[in-house]
Amino acid sequence: MYRNLERRLIQHVRDFVSRTYGMELPKIVVEQPPKVEFGEYALPLAFELAKKLRKAPRKIAEEIVSGIGPIPGFEKLEIAGAGYINARLKRDEMAVALSADENPRTDVQSGKILVEHSSINPNKAAHVGHLRNAILGDTFVRLLKFARREVDVQNYIDNTGAQVADVVVGFLHIEKKTREEIEQLARQPRFDYYCWDLYARVSQWYAEDKKNLQVRLQALHAIEEGGNETAAIADVISIAVLRRHLETMDRLDIEYDFLPRESDILHLHFWDAAFAKLKAGGVIFFETQGKNNGCWVMRRAGTSKSESLGQPAESSGQDQVAEEDQKVIVRSNGTVGYVGKDIAYHLWKFGLLGRDFGYRKFYRYPNGRDCWISTAVGALDHPHFGNVAEIYNVIDARQAEAQSTVIEALRGLGYNQQADHYTHFSYEMVALTPRCATELGYQLSDEDKGRPYIEVSGRKGFGVKADDLLDRLIVSAKGEVDGRHPQLTEGERSTIATQIAVGALRYFMLKFTKSSVIAFDFKEALSFEGETGPYVQYAVVRAGNIFRKGGFDPDEFGGNAAERRSAADLGKYFAGEAGTEIWELWLAASKTSYIIDQCIATTEPAYLAKHTFQLAQLFNAFYHRHPILSETDESLKKFLLATVAVVRRELTRGLAVMGISVPAVM
RNA sequence: GGGCGCGUAGCUCAAACGGAUAGAGCAUCGGAUUUCUAAUCCGACGGUUGCAGGUUCAAUUCCUGCCGCGCCUACCA
């Protein structure tokens, strides 16, 4: 609603400027005034025009305000300060439309989007860092779906890497387990926890004797090769841990459509196809001297002087790429590194590889949805994955360089359009505060104690496991629910506690902007007060309580209320200081899709978290100020109820996009 | 060394493309509704936005230099 009106305003201003000054403005900045008293939109464009027109900003503002004529939905434009143009909405009209939930989205873009997130090594339990990734990714998927985009969710499974190999080594060489024993263990409820500890022990074992690293290398080769006992064991482990990850994420309502596995990228020879293309396109070249002698290398992303080397590298120059600017793609022993496989995988994502995975069903969610996994030879009948128009890779900031290399490879091959639609959805890591580390029982060096935060390390077994954190949140919420609602059944209380725990966790991971390192601290993460998910959930529950106690239906109330009332009828309630306070609430409620557009455009879900919190804050203040059910003015009471209905609807919507549901009671 | 990022209230964080008086939460202190139950609300305290320059009508935001911190910088994945 807010967004559509903003567009209308921009259009009118653009037309006016074009008509009057003969100028086409490419971009018109619209801001939000610091106070609603100034209006709903602020345009600083007079400042900018002042230079070009050689006139005082205030003069220009006056010309625009007096000349632009009426804009549907707007009361008027006003000049403020040195030349701001503030636009005022017709509050009553907006309220009627908002109440009836008129929110036409006319600009749905076509083309399928692929979002890749989670991508946890299937060798140990998921930890808080993985939670941030999955929650950001899942929320971004929900944002796109809210904007009516078609989205596939993929979770890349690196089942042939060193990390899986390490756990295999742990089972075979430290624990001396047989395949049957491992299969037995893999059926245990929290097998991923077992692997977590074992993985840390293996790292220890490597450190004890460098010769042990040879064992790892052998295991790694065997797993990559496939078709042998070691690979079979690796498969048992990675499949079992993967199932655990899916279960963990499902607790947070995070689901995937497809799980491409690295083993299939290898066995289906995706790399061979990509390698041929890269060689033919001159994107990579064979180094014949120096440190990288015998390797196929690529120019390291971001270091070249000419931004658009565009064309396949000219015959000259290749061997002039300095060693430090080279990225090894194929090692001198002929094996391909991680980036090479990633290039192949991304060619497949865009439908440029000429090969496809096999598919089979892997996991069915409680809601009946299927999650598919790659195989060498799969089912004949399967959904279509890959060949998409746009991709978003939710991968932490540490891998920025590897991501750029893949994008550069696409450009090198001439796929500029695809490269332009390749977004590295980058975010910072979750680290632990020294206090948190101490709580977990880790001995810290004096140096570490002085740091603002300490990086999580799966290798050292240093971190907070996702399921543990969620369990603690549920226990904490359950205690509170038990005390408040003893009349409910155990099952009902558990459901509510889980909803609150998920709300707290998801909100916690979303409230930080992506570029901020989260220094994880139990006290903050376990909080249900202040800027938290439960605070927002509670606001919605309170809104619901009003309707429940009053015997009204909230869903029909908003819309019907609008139909019953004329705009003029509502107008009087928005007048004056008290009216403006309520108007602020309506205005904030109107911004959901506006905020969501911002979140998508900037790949920043934190804006939505902030927005729902602010709306909840406004609502709680309103709730406190207006005892609605005891209101004796029937007409006013209906207006207040309509206000609550709209806020409740928008808050519920915003929370749903963040993957947070609303408990029946709190 | 090079690349990327960060530095804002005691603590944790916001501040959309450069805009009007830099905002929240936590903590601390003081208050509120026998109600639509307080996981709430109101108030107080708290700032030279790391430092120094520059660009601009306007800088937390852009540019340069410095200081401090983090990450990346393997023929690991």
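Which radius of gyration does chain A have, and what value would a compact globule with 666 residues have? Chain A has 29 Å, whereas a compact globule would be near 26 Å, which agrees; the radius is taken over C-alpha atoms, and the globule rule is 2.2 Å times the number of residues to the power 0.38.

This is a predicted model, in which local features need pLDDT of at least 70 and side-chain atom pairs count only at pLDDT 80 or more, while totals for chains, interfaces and linings use all residues. Residues are numbered from 1 along each chain as its sequence is written, and chains are lettered from A and ligands numbered from 1 in the order in which they are written.

Along its principal axes the C-alpha trace of chain A spans about 80 × 70 × 60 Å. Chain A holds 27 helices and 16 strands, which are DSSP runs (helices H or I, at least four residues; strands E, at least two) numbered from the N terminus.

Around RNA strand B there are 75 residues, of which Ala42, Gly161, Arg331, Thr513 and Gly530 come nearest; a residue is near the strand if its C-beta atom, placed from the backbone, lies within 6 Å of it. The largest share of this surface, seven residues, comes from H21, the helix of residues 533-550. The classes of the surface are tabulated here.

| Class | Members of the class | Near RNA strand B |
|---|---|---|
| Nonpolar | Ala, Val, Leu, Ile, Met, Phe, Trp, Tyr, Cys, Pro | 36 residues |
| Polar | the others, Gly among them | 23 residues |
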